Amino acid sequence: MSRSPAMPSDSAPTVPVWSASDWPRADASARPAPAAERRIAFEGVTDADLDAVCEVEKSAYTHPWTRKHFADSLASGYPAVMLLGEALPGEAGPSRRADGRVLLGYLVAMPGVDEVHLLNITVAPAHQRQGWARFMLDALALWSRGRGAQWLWLEVRASNAPARALYERCGFQQVGMRRDYYPAGQFQREDAVVMSLNLVTPAEGGAVA
């Protein structure tokens with residue numbers, strides 16, 4: 001069984017900081033491949049981090065969140081955390097930070113009564129397809145359960161088949177649609193698929209066992 005991380009106090013509603021040994025899944029096969037090569041940790045997003053976060057956001061999406069989206073989330077006290085990793089030899093690029101670490105990804109969530117709503121989860125393009133999205137989802141699910149949440153909710157573009165497949169592998173199920181939820185360019189809109197994860201009795205193969 002994996003070691004449980006220290007949970008935050010009620011006055012600091014953030015995802016706990018994880019050390020390299022604090023894996024959210026016990027089996028080695030579930031760990032992202034680069035994990036053995038770098039030390040990682042979650043750290044809360046601050047105003048000073050918004051420029052770097054927004055740069056990754058713009059590089060990852062055709063319709064990115066604006067700086068105001070992130071600033072409003074911080075002002076509202078929503079948990080917003082970065083997944084930072086020790087830079088590997090020769091690793092450079094826009095996600096490299098002044099402290100020598102790289103911004104692997106980040107997430108923003110909104111706690112509610114008995115539930116948590118995932119608002120944004122992003123992996124920097126240079127670090128995609130390495131297991132980090134699954135890693136962050138697992139960590140968020142564990143944190144949500146620690147708060148007593150029974151459900152984890154999210155929306156995803158109907159056209160985003162890779163993301164939908166990932167969420168399904170993590171145990172999320174489609175429960176509805178939001179029509180014309182996302183901007184889609186040329187003054188068009190795109191539907192959102194609403195998905196939920198039962199944190200009490202998750203589906204087989206889900207993010208929480």
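Leaving aside neighbours within four places in sequence, which residues is leucine 83 in contact with? Contact here means heavy atoms within 4.5 Å. By that criterion, leucine 83 touches Ile40, Ala41, Phe42, Val102, Leu103, Leu104, Gly105, Tyr106, Trp132, Phe135 and Met136. Let's see what surrounds this residue.

First, a word on the model. It is predicted, so local features need pLDDT of at least 70 and side-chain atom pairs count only at pLDDT 80 or more, while totals for chains, interfaces and linings use all residues. Residues are numbered from 1 along each chain as its sequence is written, and side-chain values use heavy atoms, with hydrogens and water left out.

The protein has four helices and seven strands, taken as DSSP runs numbered from the N terminus (H or I of at least four residues for helices, E of at least two for strands). Along the sequence they follow the pattern β-α-α-β-β-β-α-β-α-β-β. Of the 209 residues, 41% count as buried, meaning under 20% relative accessible area, with over 50% called exposed and partly exposed in between (1.4 Å probe, protein chains only). Among contacts between residues at least 6 apart in sequence, 62% join residues at least 24 apart.

The seven strands form an open sheet with mixed pairing, in the order β1-β2-β3-β4-β5-β7-β6; two strands pair if DSSP finds at least two bridges between them. At the edges are β1 (40-44) and β6 (173-185), each pairing on one side only. From one strand to the next, the twist averages 30°. Strands of a sheet pair through backbone hydrogen bonds, either parallel or antiparallel.

Now walk across the sheet. Strand β2 (residues 80-86) runs antiparallel to β3 (residues 101-112), and seven bridges join them; methionine 82 has tyrosine 106 as its bridge partner in β3. Strand β3 is in turn joined by eight bridges to the antiparallel β4 (residues 115-123), where glutamate 115 is the bridge partner of glycine 112. Two residues lie between the strands of this β3 and β4 hairpin, and aspartate 114 takes a positive phi near 65° there.

Next, the interior. A nonpolar core is a set of buried Ala, Val, Leu, Ile, Met, Phe, Trp, Tyr and Cys residues joined through side-chain atoms within 4.5 Å. In the largest one, of 34 residues, Leu83, Leu137, Leu152, Tyr167 and Phe172 touch the most other members. Two or more residues each come from β1, β2, β3, β4, α3, β5, α4 (161-169) and β7, with α3 giving the most, eight residues. Another core, of 13 residues, lies apart from it and includes Cys54, Val56, Ala80 and Ala124.

Finally, look at serine 196, in strand β7. Why does serine 196 count as buried? It counts as buried because its relative accessibility is 4%. Neighbours within four places aside, serine 196 is in contact with Trp151, Leu152, Trp153, Gly171, Phe172, Gln173 and Val175.

How values were computed:
Axes are lines fitted to C-alpha atoms, for helices over the stretch in contact, and angles run from 0 to 180 degrees between N-to-C directions.
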